[in-house]
Amino acid sequence: MRRSGVLLPITSIPSKYGIGGFSKECYEFVDFLERAGQSLWQILPLGPTGYGDSPYQSFSTYAGNPYFIDLEELIEAGWITGEDCGESSAEERYIDYGKIYETRFALLRKAYENSSIEKDEAFRKFCEDNAYWLDDYGLYMAVKNAFGGKSFIEWDEDIRFRRRAAMEHYKETYAQEIGFIRFQQYLFSKQWSALRSYAAGKGIRIIGDIPIYVAYDSADVWAAPELFQLDKDLRPVGVAGCPPDAFSSTGQLWGNPLYRWEYHKETGYDWWIRRIARCYELYDIVRIDHFRGFDEYYFIPYGDPTAEYGHWEKGPGYDIFRVMKQKLGKMDVIAEDLGFLTPSVLKLVKKSGYPGMKVLLFAFDGDSDSAYLPHNYEKNAVVYTGTHDNDTIEGWLKNAKRKTVSFTMRYLNVKRKKDIRQAMIRAALSSTADTAVIPIQDYLGFDNSARMNLPSTLGENWKWRLLPGELTGELADGMAELAKLYDRK
(Lines give C-alpha, C1' and ligand atoms only; values in the text may rest on other atoms or scores of the structure.)
Protein backbone atom coordinates (compact mmCIF):
# COMPACT_ATOMS: atom_id res chain seq x y z
CA MET A 1 0.00 0.00 0.00
CA ARG A 2 1.22 3.49 -0.87
CA ARG A 3 1.38 5.65 2.27
CA SER A 4 2.09 9.28 3.06
CA GLY A 5 2.65 11.22 6.24
CA VAL A 6 4.09 14.26 7.94
CA LEU A 7 7.26 14.80 9.96
CA LEU A 8 6.57 16.95 13.02
CA PRO A 9 8.25 16.58 16.45
CA ILE A 10 6.10 16.68 19.57
CA THR A 11 8.06 19.74 20.70
CA SER A 12 6.81 21.67 17.64
CA ILE A 13 3.11 21.20 18.41
CA PRO A 14 1.43 24.52 19.33
CA SER A 15 0.94 24.90 23.07
CA LYS A 16 0.05 27.46 25.74
CA TYR A 17 3.02 26.41 27.84
CA GLY A 18 6.13 27.02 25.75
CA ILE A 19 6.73 23.57 24.29
CA GLY A 20 4.60 21.01 22.50
CA GLY A 21 3.16 18.16 24.51
CA PHE A 22 0.27 15.72 24.79
CA SER A 23 -2.31 18.50 25.03
CA LYS A 24 -5.51 19.08 23.04
CA GLU A 25 -3.40 20.68 20.29
CA CYS A 26 -1.74 17.30 19.74
CA TYR A 27 -5.14 15.68 19.27
CA GLU A 28 -6.08 18.50 16.90
CA PHE A 29 -2.97 17.72 14.85
CA VAL A 30 -4.11 14.10 14.55
CA ASP A 31 -7.47 15.40 13.31
CA PHE A 32 -5.58 17.58 10.83
CA LEU A 33 -3.68 14.55 9.52
CA GLU A 34 -6.92 12.64 9.07
CA ARG A 35 -8.50 15.49 7.12
CA ALA A 36 -5.28 15.81 5.09
CA GLY A 37 -5.57 12.19 3.94
CA GLN A 38 -2.40 11.10 5.74
CA SER A 39 -1.81 7.80 7.51
CA LEU A 40 1.60 8.43 9.10
CA TRP A 41 2.95 10.82 11.71
CA GLN A 42 6.72 10.77 12.14
CA ILE A 43 8.16 12.21 15.34
CA LEU A 44 11.63 12.52 16.87
CA PRO A 45 12.87 10.51 19.88
CA LEU A 46 10.67 10.92 22.96
CA GLY A 47 13.33 10.58 25.68
CA PRO A 48 14.23 13.13 28.38
CA THR A 49 16.89 15.55 27.17
CA GLY A 50 19.77 17.32 28.83
CA TYR A 51 22.42 19.84 27.82
CA GLY A 52 21.90 20.89 24.20
CA ASP A 53 18.27 19.71 24.25
CA SER A 54 18.92 17.08 21.58
CA PRO A 55 16.37 14.25 21.47
CA TYR A 56 19.24 12.06 20.28
CA GLN A 57 21.08 12.50 23.60
CA SER A 58 18.73 11.21 26.28
CA PHE A 59 19.16 10.24 29.92
CA SER A 60 17.42 6.94 29.12
CA THR A 61 16.56 4.91 26.06
CA TYR A 62 13.36 3.81 27.81
CA ALA A 63 12.04 6.91 29.60
CA GLY A 64 9.84 9.69 28.26
CA ASN A 65 10.34 13.44 28.30
CA PRO A 66 8.46 15.04 31.24
CA TYR A 67 8.14 18.26 29.23
CA PHE A 68 5.46 16.54 27.13
CA ILE A 69 3.08 15.96 30.05
CA ASP A 70 -0.18 17.85 29.48
CA LEU A 71 -0.52 20.42 32.27
CA GLU A 72 -4.22 20.92 31.59
CA GLU A 73 -4.87 17.38 32.76
CA LEU A 74 -3.09 18.14 36.02
CA ILE A 75 -5.19 21.28 36.43
CA GLU A 76 -8.37 19.27 35.88
CA ALA A 77 -7.19 16.78 38.51
CA GLY A 78 -6.85 19.64 40.99
CA TRP A 79 -3.14 19.02 41.53
CA ILE A 80 -2.06 22.43 40.21
CA THR A 81 -3.89 25.59 39.14
CA GLY A 82 -3.91 27.61 35.95
CA GLU A 83 -2.26 30.43 37.87
CA ASP A 84 0.62 28.08 38.76
CA CYS A 85 1.30 27.61 35.03
CA GLY A 86 1.79 31.30 34.33
CA GLU A 87 0.90 33.32 31.24
CA SER A 88 0.33 31.68 27.87
CA SER A 89 3.31 31.52 25.53
CA ALA A 90 1.35 30.12 22.58
CA GLU A 91 2.52 32.91 20.26
CA GLU A 92 6.24 32.37 20.87
CA ARG A 93 7.87 30.84 17.79
CA TYR A 94 10.87 29.29 19.56
CA ILE A 95 11.13 27.17 22.69
CA ASP A 96 12.97 28.73 25.63
CA TYR A 97 14.46 25.54 27.07
CA GLY A 98 16.10 27.39 29.94
CA LYS A 99 12.77 28.76 31.08
CA ILE A 100 11.06 25.37 30.67
CA TYR A 101 13.78 23.68 32.74
CA GLU A 102 13.51 26.26 35.51
CA THR A 103 9.71 26.13 35.80
CA ARG A 104 8.34 22.80 34.58
CA PHE A 105 9.76 20.49 37.23
CA ALA A 106 8.50 22.76 40.02
CA LEU A 107 4.99 22.45 38.56
CA LEU A 108 5.26 18.69 38.25
CA ARG A 109 6.62 18.42 41.77
CA LYS A 110 3.66 20.35 43.13
CA ALA A 111 1.32 18.05 41.22
CA TYR A 112 3.09 15.01 42.65
CA GLU A 113 2.85 16.29 46.21
CA ASN A 114 -0.88 16.95 45.77
CA SER A 115 -1.66 13.72 43.95
CA SER A 116 -1.55 10.87 46.51
CA ILE A 117 -0.41 8.84 43.52
CA GLU A 118 1.30 6.19 45.66
CA LYS A 119 -2.18 4.87 46.59
CA ASP A 120 -3.19 4.49 42.94
CA GLU A 121 -3.29 0.85 41.83
CA ALA A 122 -2.63 1.81 38.18
CA PHE A 123 0.50 3.69 39.26
CA ARG A 124 1.77 0.72 41.29
CA LYS A 125 1.17 -1.63 38.37
CA PHE A 126 3.02 0.70 36.01
CA CYS A 127 6.01 0.72 38.36
CA GLU A 128 5.99 -3.08 38.62
CA ASP A 129 5.61 -3.66 34.89
CA ASN A 130 8.43 -1.25 34.05
CA ALA A 131 10.78 -2.03 36.94
CA TYR A 132 13.35 -3.49 34.52
CA TRP A 133 14.25 0.05 33.44
CA LEU A 134 12.34 2.39 35.76
CA ASP A 135 14.20 1.35 38.93
CA ASP A 136 17.59 2.23 37.45
CA TYR A 137 16.31 5.37 35.77
CA GLY A 138 14.59 6.65 38.92
CA LEU A 139 17.70 6.13 41.01
CA TYR A 140 19.98 7.55 38.32
CA MET A 141 18.04 10.80 38.04
CA ALA A 142 17.65 11.13 41.80
CA VAL A 143 21.39 10.73 42.38
CA LYS A 144 22.19 12.95 39.41
CA ASN A 145 20.05 15.70 40.92
CA ALA A 146 21.74 15.19 44.30
CA PHE A 147 25.12 15.76 42.61
CA GLY A 148 23.98 18.99 40.98
CA GLY A 149 23.12 17.48 37.62
CA LYS A 150 26.54 15.94 37.05
CA SER A 151 27.02 12.79 34.98
CA PHE A 152 27.69 9.56 36.88
CA ILE A 153 31.41 9.73 36.03
CA GLU A 154 31.66 12.65 38.50
CA TRP A 155 29.78 10.97 41.33
CA ASP A 156 31.39 9.48 44.43
CA GLU A 157 33.14 6.22 43.67
CA ASP A 158 30.82 3.97 45.65
CA ILE A 159 27.65 4.96 43.79
CA ARG A 160 29.46 5.44 40.50
CA PHE A 161 30.38 1.76 40.62
CA ARG A 162 26.96 0.77 42.01
CA ARG A 163 28.29 -0.84 45.19
CA ARG A 164 25.54 -2.52 47.16
CA ALA A 165 25.74 -0.42 50.33
CA ALA A 166 25.77 2.81 48.34
CA MET A 167 22.81 1.70 46.21
CA GLU A 168 20.75 0.95 49.31
CA HIS A 169 21.78 4.23 50.95
CA TYR A 170 20.75 6.37 47.99
CA LYS A 171 17.51 4.47 47.43
CA GLU A 172 16.52 5.13 51.03
CA THR A 173 17.79 8.70 51.21
CA TYR A 174 16.13 9.78 47.96
CA ALA A 175 12.99 7.65 48.06
CA GLN A 176 10.78 10.72 47.72
CA GLU A 177 12.72 11.98 44.70
CA ILE A 178 12.57 8.53 43.08
CA GLY A 179 8.81 8.53 43.62
CA PHE A 180 8.59 11.91 41.89
CA ILE A 181 10.53 10.62 38.89
CA ARG A 182 8.30 7.56 38.66
CA PHE A 183 5.28 9.87 38.80
CA GLN A 184 6.58 11.76 35.77
CA GLN A 185 7.06 8.56 33.82
CA TYR A 186 3.62 7.29 34.76
CA LEU A 187 1.96 10.47 33.50
CA PHE A 188 4.03 10.42 30.33
CA SER A 189 3.10 6.80 29.63
CA LYS A 190 -0.59 7.27 30.42
CA GLN A 191 -0.95 10.37 28.27
CA TRP A 192 1.11 9.06 25.35
CA SER A 193 -0.87 5.80 25.31
CA ALA A 194 -4.11 7.77 25.16
CA LEU A 195 -2.83 9.93 22.31
CA ARG A 196 -1.53 6.95 20.37
CA SER A 197 -4.85 5.15 20.78
CA TYR A 198 -6.66 8.24 19.51
CA ALA A 199 -4.35 8.36 16.48
CA ALA A 200 -4.93 4.66 15.77
CA GLY A 201 -8.68 5.28 15.85
CA LYS A 202 -8.18 7.90 13.15
CA GLY A 203 -6.08 5.55 11.02
CA ILE A 204 -2.81 7.32 11.88
CA ARG A 205 0.28 5.22 12.60
CA ILE A 206 3.20 6.68 14.56
CA ILE A 207 6.75 6.47 13.20
CA GLY A 208 9.11 6.62 16.16
CA ASP A 209 12.80 7.38 15.93
CA ILE A 210 15.60 5.81 17.96
CA PRO A 211 19.28 6.68 17.88
CA ILE A 212 21.56 3.69 17.36
CA TYR A 213 23.62 4.90 20.34
CA VAL A 214 22.71 5.97 23.87
CA ALA A 215 24.09 9.00 25.69
CA TYR A 216 27.10 8.54 27.96
CA ASP A 217 25.28 10.55 30.63
CA SER A 218 22.47 8.02 30.93
CA ALA A 219 20.98 5.39 33.18
CA ASP A 220 21.67 2.89 30.39
CA VAL A 221 25.46 3.22 30.61
CA TRP A 222 25.58 3.53 34.40
CA ALA A 223 23.36 0.47 34.91
CA ALA A 224 25.12 -1.78 32.39
CA PRO A 225 28.68 -0.56 31.69
CA GLU A 226 29.63 -4.03 30.44
CA LEU A 227 27.68 -3.30 27.25
CA PHE A 228 30.00 -0.48 26.24
CA GLN A 229 33.65 0.11 25.39
CA LEU A 230 34.71 1.65 28.72
CA ASP A 231 37.96 1.49 30.65
CA LYS A 232 38.34 0.39 34.30
CA ASP A 233 37.31 3.87 35.47
CA LEU A 234 34.14 3.72 33.35
CA ARG A 235 35.39 6.29 30.86
CA PRO A 236 34.90 5.61 27.13
CA VAL A 237 37.78 4.13 25.18
CA GLY A 238 36.34 5.51 21.98
CA VAL A 239 33.23 7.48 21.06
CA ALA A 240 30.81 7.64 18.15
CA GLY A 241 30.52 10.09 15.30
CA CYS A 242 30.96 10.46 11.57
CA PRO A 243 33.97 11.37 9.45
CA PRO A 244 34.21 14.70 7.60
CA ASP A 245 31.39 15.09 5.07
CA ALA A 246 29.13 17.68 3.43
CA PHE A 247 27.72 18.66 6.82
CA SER A 248 31.06 19.30 8.52
CA SER A 249 34.69 19.53 7.36
CA THR A 250 35.87 18.13 10.71
CA GLY A 251 33.23 15.42 10.92
CA GLN A 252 30.57 14.95 13.56
CA LEU A 253 31.74 14.18 17.11
CA TRP A 254 28.66 12.77 18.86
CA GLY A 255 30.50 11.56 21.95
CA ASN A 256 28.34 8.49 22.60
CA PRO A 257 30.08 5.40 24.01
CA LEU A 258 30.49 2.55 21.54
CA TYR A 259 29.08 -0.93 22.01
CA ARG A 260 31.05 -4.04 22.87
CA TRP A 261 29.43 -5.93 20.04
CA GLU A 262 31.10 -9.23 20.90
CA TYR A 263 29.49 -9.10 24.35
CA HIS A 264 26.08 -8.30 22.89
CA LYS A 265 26.39 -11.31 20.62
CA GLU A 266 27.34 -13.58 23.54
CA THR A 267 24.16 -12.51 25.37
CA GLY A 268 21.96 -13.12 22.36
CA TYR A 269 21.56 -9.35 21.92
CA ASP A 270 19.32 -9.43 24.98
CA TRP A 271 19.66 -5.70 25.70
CA TRP A 272 18.75 -4.85 22.11
CA ILE A 273 15.77 -7.20 22.17
CA ARG A 274 14.41 -5.41 25.25
CA ARG A 275 15.11 -2.01 23.73
CA ILE A 276 13.34 -2.73 20.44
CA ALA A 277 10.43 -4.44 22.22
CA ARG A 278 10.01 -1.25 24.24
CA CYS A 279 9.93 0.75 21.00
CA TYR A 280 6.94 -1.23 19.80
CA GLU A 281 5.15 -0.40 23.04
CA LEU A 282 5.50 3.26 22.04
CA TYR A 283 5.37 3.31 18.23
CA ASP A 284 3.91 1.48 15.26
CA ILE A 285 6.97 1.87 13.03
CA VAL A 286 10.57 2.40 14.17
CA ARG A 287 13.10 4.47 12.27
CA ILE A 288 16.60 3.42 13.34
CA ASP A 289 19.01 6.33 13.08
CA HIS A 290 22.50 5.73 11.61
CA PHE A 291 21.68 2.23 10.39
CA ARG A 292 25.09 1.86 8.79
CA GLY A 293 26.59 1.62 12.29
CA PHE A 294 25.40 -1.98 12.42
CA ASP A 295 27.64 -2.77 9.46
CA GLU A 296 30.62 -0.63 10.45
CA TYR A 297 30.93 1.97 13.18
CA TYR A 298 33.22 4.98 13.34
CA PHE A 299 35.62 4.82 16.30
CA ILE A 300 36.96 8.19 17.48
CA PRO A 301 39.60 8.02 20.25
CA TYR A 302 38.15 9.43 23.47
CA GLY A 303 39.37 12.96 24.08
CA ASP A 304 39.86 13.90 20.43
CA PRO A 305 38.48 17.42 19.83
CA THR A 306 37.07 16.52 16.38
CA ALA A 307 36.06 13.43 14.42
CA GLU A 308 38.84 13.80 11.85
CA TYR A 309 41.08 11.00 13.10
CA GLY A 310 38.66 8.17 13.71
CA HIS A 311 38.52 4.87 11.88
CA TRP A 312 35.90 2.30 10.89
CA GLU A 313 35.44 -0.97 12.76
CA LYS A 314 33.20 -3.93 12.05
CA GLY A 315 29.71 -4.04 13.59
CA PRO A 316 27.40 -7.02 14.15
CA GLY A 317 26.04 -7.02 10.61
CA TYR A 318 22.90 -8.97 9.79
CA ASP A 319 23.31 -11.28 12.78
CA ILE A 320 21.60 -8.85 15.16
CA PHE A 321 18.55 -8.57 12.89
CA ARG A 322 18.41 -12.31 12.40
CA VAL A 323 18.10 -12.71 16.18
CA MET A 324 15.61 -9.84 16.49
CA LYS A 325 13.34 -11.40 13.89
CA GLN A 326 13.53 -14.75 15.65
CA LYS A 327 12.58 -13.27 19.03
CA LEU A 328 10.30 -10.38 18.09
CA GLY A 329 8.77 -11.53 14.83
CA LYS A 330 8.07 -9.19 11.92
CA MET A 331 9.12 -5.62 12.64
CA ASP A 332 8.10 -2.49 10.76
CA VAL A 333 11.43 -0.64 10.50
CA ILE A 334 12.83 2.26 8.47
CA ALA A 335 16.59 2.09 8.02
CA GLU A 336 18.25 5.52 8.07
CA ASP A 337 20.89 4.73 5.47
CA LEU A 338 21.95 8.24 4.46
CA GLY A 339 25.50 9.37 3.85
CA PHE A 340 28.35 7.51 2.21
CA LEU A 341 27.26 3.93 1.68
CA THR A 342 29.73 1.13 1.08
CA PRO A 343 28.75 -2.07 -0.77
CA SER A 344 28.55 -3.93 2.56
CA VAL A 345 26.08 -1.36 3.97
CA LEU A 346 23.91 -1.62 0.87
CA LYS A 347 24.01 -5.39 1.18
CA LEU A 348 22.95 -5.22 4.85
CA VAL A 349 19.99 -2.93 4.12
CA LYS A 350 18.85 -5.18 1.29
CA LYS A 351 19.22 -8.36 3.32
CA SER A 352 17.30 -6.89 6.24
CA GLY A 353 14.38 -6.15 3.95
CA TYR A 354 13.84 -2.79 5.61
CA PRO A 355 13.17 0.25 3.43
CA GLY A 356 15.94 2.82 3.25
CA MET A 357 15.56 6.60 2.98
CA LYS A 358 15.61 8.85 -0.06
CA VAL A 359 16.00 12.60 0.49
CA LEU A 360 15.13 14.86 -2.44
CA LEU A 361 17.33 17.71 -1.22
CA PHE A 362 20.30 15.41 -1.86
CA ALA A 363 19.19 14.61 -5.41
CA PHE A 364 20.10 17.63 -7.50
CA ASP A 365 23.77 18.30 -6.79
CA GLY A 366 24.91 15.53 -9.12
CA ASP A 367 23.45 14.17 -12.31
CA SER A 368 20.72 11.78 -13.45
CA ASP A 369 22.31 8.70 -11.86
CA SER A 370 21.83 10.03 -8.30
CA ALA A 371 20.21 7.41 -6.09
CA TYR A 372 18.07 10.19 -4.58
CA LEU A 373 16.31 11.10 -7.84
CA PRO A 374 12.81 9.59 -8.03
CA HIS A 375 13.35 7.71 -11.30
CA ASN A 376 15.99 5.61 -9.52
CA TYR A 377 13.84 4.56 -6.53
CA GLU A 378 12.81 1.07 -5.62
CA LYS A 379 9.30 0.62 -4.26
CA ASN A 380 10.66 -0.48 -0.87
CA ALA A 381 11.81 3.00 0.15
CA VAL A 382 10.74 6.04 2.17
CA VAL A 383 11.08 9.35 0.36
CA TYR A 384 11.43 12.68 2.15
CA THR A 385 11.83 16.17 0.78
CA GLY A 386 14.14 16.72 3.77
CA THR A 387 14.61 15.62 7.36
CA HIS A 388 15.15 17.34 10.73
CA ASP A 389 18.85 17.64 9.83
CA ASN A 390 18.26 19.44 6.51
CA ASP A 391 17.32 22.86 5.25
CA THR A 392 13.68 23.40 4.45
CA ILE A 393 13.03 23.42 0.69
CA GLU A 394 12.80 27.23 0.69
CA GLY A 395 15.95 27.51 2.79
CA TRP A 396 17.75 25.13 0.43
CA LEU A 397 16.70 27.19 -2.59
CA LYS A 398 18.19 30.35 -1.09
CA ASN A 399 21.57 28.63 -0.65
CA ALA A 400 21.67 26.36 -3.72
CA LYS A 401 24.08 27.04 -6.56
CA ARG A 402 22.67 28.33 -9.85
CA LYS A 403 23.64 25.09 -11.63
CA THR A 404 21.80 23.04 -9.01
CA VAL A 405 18.67 25.18 -9.27
CA SER A 406 18.76 24.94 -13.07
CA PHE A 407 18.98 21.13 -12.99
CA THR A 408 16.20 21.01 -10.39
CA MET A 409 13.90 23.10 -12.55
CA ARG A 410 14.60 20.99 -15.65
CA TYR A 411 14.07 17.75 -13.74
CA LEU A 412 10.84 18.91 -12.10
CA ASN A 413 9.66 20.59 -15.32
CA VAL A 414 8.98 24.01 -13.79
CA LYS A 415 9.64 27.41 -15.32
CA ARG A 416 9.76 29.50 -12.15
CA LYS A 417 11.99 29.07 -9.13
CA LYS A 418 9.08 29.79 -6.81
CA ASP A 419 7.29 26.68 -8.12
CA ILE A 420 10.08 24.29 -7.08
CA ARG A 421 8.79 23.65 -3.56
CA GLN A 422 5.38 22.43 -4.62
CA ALA A 423 6.89 20.48 -7.51
CA MET A 424 9.34 18.77 -5.18
CA ILE A 425 6.52 17.71 -2.86
CA ARG A 426 4.65 16.34 -5.89
CA ALA A 427 7.80 14.50 -7.01
CA ALA A 428 8.03 12.78 -3.63
CA LEU A 429 4.35 11.85 -3.55
CA SER A 430 4.24 10.69 -7.18
CA SER A 431 7.39 8.59 -6.91
CA THR A 432 7.37 4.79 -6.86
CA ALA A 433 8.51 4.74 -3.21
CA ASP A 434 5.89 2.99 -1.09
CA THR A 435 6.11 5.66 1.63
CA ALA A 436 6.46 9.43 1.46
CA VAL A 437 6.99 11.68 4.49
CA ILE A 438 7.05 15.48 4.17
CA PRO A 439 8.13 17.87 6.95
CA ILE A 440 5.28 20.22 7.80
CA GLN A 441 7.63 23.18 7.20
CA ASP A 442 7.77 22.27 3.51
CA TYR A 443 4.00 22.07 3.16
CA LEU A 444 3.85 25.52 4.78
CA GLY A 445 6.64 26.99 2.64
CA PHE A 446 8.78 28.14 5.55
CA ASP A 447 12.43 29.12 5.16
CA ASN A 448 15.38 28.05 7.33
CA SER A 449 14.09 30.01 10.30
CA ALA A 450 11.95 26.86 10.73
CA ARG A 451 14.86 24.43 10.49
CA MET A 452 15.03 21.94 13.38
CA ASN A 453 18.72 21.08 13.57
CA LEU A 454 22.06 22.06 12.08
CA PRO A 455 24.41 19.11 12.77
CA SER A 456 27.60 19.78 14.73
CA THR A 457 26.21 22.98 16.28
CA LEU A 458 24.79 23.81 19.72
CA GLY A 459 22.46 26.45 21.05
CA GLU A 460 19.86 27.13 18.36
CA ASN A 461 18.54 23.66 17.55
CA TRP A 462 15.29 21.82 18.35
CA LYS A 463 13.49 25.10 19.13
CA TRP A 464 11.08 25.76 16.26
CA ARG A 465 7.37 25.23 16.74
CA LEU A 466 4.09 25.87 15.01
CA LEU A 467 1.90 28.77 16.05
CA PRO A 468 -1.86 28.55 16.55
CA GLY A 469 -3.81 28.81 13.29
CA GLU A 470 -0.99 27.86 10.92
CA LEU A 471 -2.47 24.46 10.14
CA THR A 472 -5.57 25.47 8.21
CA GLY A 473 -8.42 23.49 6.72
CA GLU A 474 -7.36 24.79 3.31
CA LEU A 475 -3.88 23.30 3.77
CA ALA A 476 -5.32 19.96 4.92
CA ASP A 477 -7.66 19.80 1.93
CA GLY A 478 -4.80 20.55 -0.46
CA MET A 479 -2.70 17.80 1.08
CA ALA A 480 -5.63 15.38 0.86
CA GLU A 481 -6.07 16.19 -2.81
CA LEU A 482 -2.42 15.38 -3.52
CA ALA A 483 -2.57 12.16 -1.51
CA LYS A 484 -5.62 11.02 -3.45
CA LEU A 485 -4.11 12.06 -6.78
CA TYR A 486 -1.02 9.92 -6.20
CA ASP A 487 -2.94 7.03 -4.60
CA ARG A 488 -1.50 7.47 -1.13
CA LYS A 489 -3.37 6.73 2.05
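Visitor: Let's start with F294, then: which residues does F294 touch, if we skip those up to four places away in sequence?
Guide: Keeping in mind that this is a predicted model, F294 touches I212, W261, W272, I288, G315, P316, G317, I320, F321 and L348 once residues up to four places away in sequence are set aside.

Visitor: And which residues touch the most other members of the largest nonpolar core?
Guide: That core has 161 residues, and the ones touching the most other members are W41, W192, W272, Y283 and F294. The biggest contribution to this core comes from α9, which gives 10 residues.

Visitor: Okay, switching to I13. Where is I13 found, and is I13 buried or exposed?
Guide: I13 sits in the loop between β1 (3-7) and α1 (24-35). I13 counts as buried because its relative accessible area is 0%, and buried means under 20%.

Visitor: What is I13 in contact with, apart from its neighbours within four places in sequence?
Guide: Leaving those neighbours out, I13 is in contact with L8, I19, G20, G21, E25, C26, F29, W41 and R465. W41, one of these contacts, is also among the residues that touch the most other members of the largest nonpolar core.

Visitor: How far apart are I13 and D129?
Guide: In sequence I13 and D129 are 116 residues apart, while in space the separation is 30 Å, taken from C-alpha to C-alpha.

Visitor: New topic: helix α6. How many residues does α6 have, and what span does α6 reach?
Guide: Helix α6, residues 131-146, has 16 residues and reaches 22 Å from its first C-alpha to its last, which is close to the 22 Å expected at 1.5 Å a residue. Just after α6 comes G148, with a positive phi of about 70 degrees.

Visitor: Which residues of α6 are buried, and what covers them?
Guide: The buried residues of α6 are W133, L134, Y137, G138, L139, Y140, M141, A142, V143 and K144. What covers them includes α5 (121-129), α7 (157-160), α8 (164-173), α9 (175-201), α10 (219-223) and α12 (270-282).

Visitor: What about the second largest pocket: which residues lie nearest its centre?
Guide: The second largest pocket is lined by 27 residues, and F59, Y101, F105, M141 and N145 lie nearest its centre. M141 is also one of the buried residues of α6, and the space in this pocket comes to about 610 Å³.

Visitor: Which helix gives the most to the lining of that pocket?
Guide: That is α4, with seven residues, and α4 (97-113), α6 and α9 each supply at least two residues of the lining. By class, the lining of this pocket divides into 13 nonpolar, nine polar and five charged residues.

Visitor: Last one, cavities: how many of 30 Å³ or more are there?
Guide: The count comes to three cavities of 30 Å³ or more. The largest cavity has a volume of about 200 Å³, and of the 23 residues that line it, P45, G47, S60, T61 and P211 are the closest to its centre. Its lining receives the most from α12, with four residues.

Visitor: And the second largest cavity: which residues lie nearest its centre?
Guide: In the second largest cavity, which holds about 140 Å³ of space, 18 residues form the lining, and T11, P45, P55, F68 and Y97 lie nearest the centre. The lining of this second largest cavity has 13 nonpolar, four polar and one charged residues.

How values were computed
Residues are numbered from 1 along each chain as its sequence is written. This is a predicted model: local features need pLDDT of at least 70, side-chain atom pairs count only at pLDDT 80 or more; totals for chains, interfaces and linings use all residues. Side-chain values use heavy atoms; hydrogens and water are left out. The expected span of a helix is 1.5 Å times one less than its number of residues. Buried means under 20% relative accessible area, exposed over 50%, partly exposed in between (1.4 Å probe, protein chains only). Contact means heavy atoms within 4.5 Å. On a 1 Å grid over the protein atoms alone, a cavity is a set of points where a 1.4 Å probe fits but cannot get out, and a pocket is an open set with protein on both sides within 12 Å along at least five of seven lines; lining residues have an atom within 4 Å of a point. Grid points are joined across faces, edges and corners, and a volume is the space filled by probe spheres set on the points. Ala, Val, Leu, Ile, Met, Phe, Trp, Tyr, Cys and Pro count as nonpolar, Asp, Glu, Lys and Arg as charged, and the others, Gly among them, as polar. A nonpolar core is a set of buried Ala, Val, Leu, Ile, Met, Phe, Trp, Tyr and Cys residues joined through side-chain atoms within 4.5 Å.
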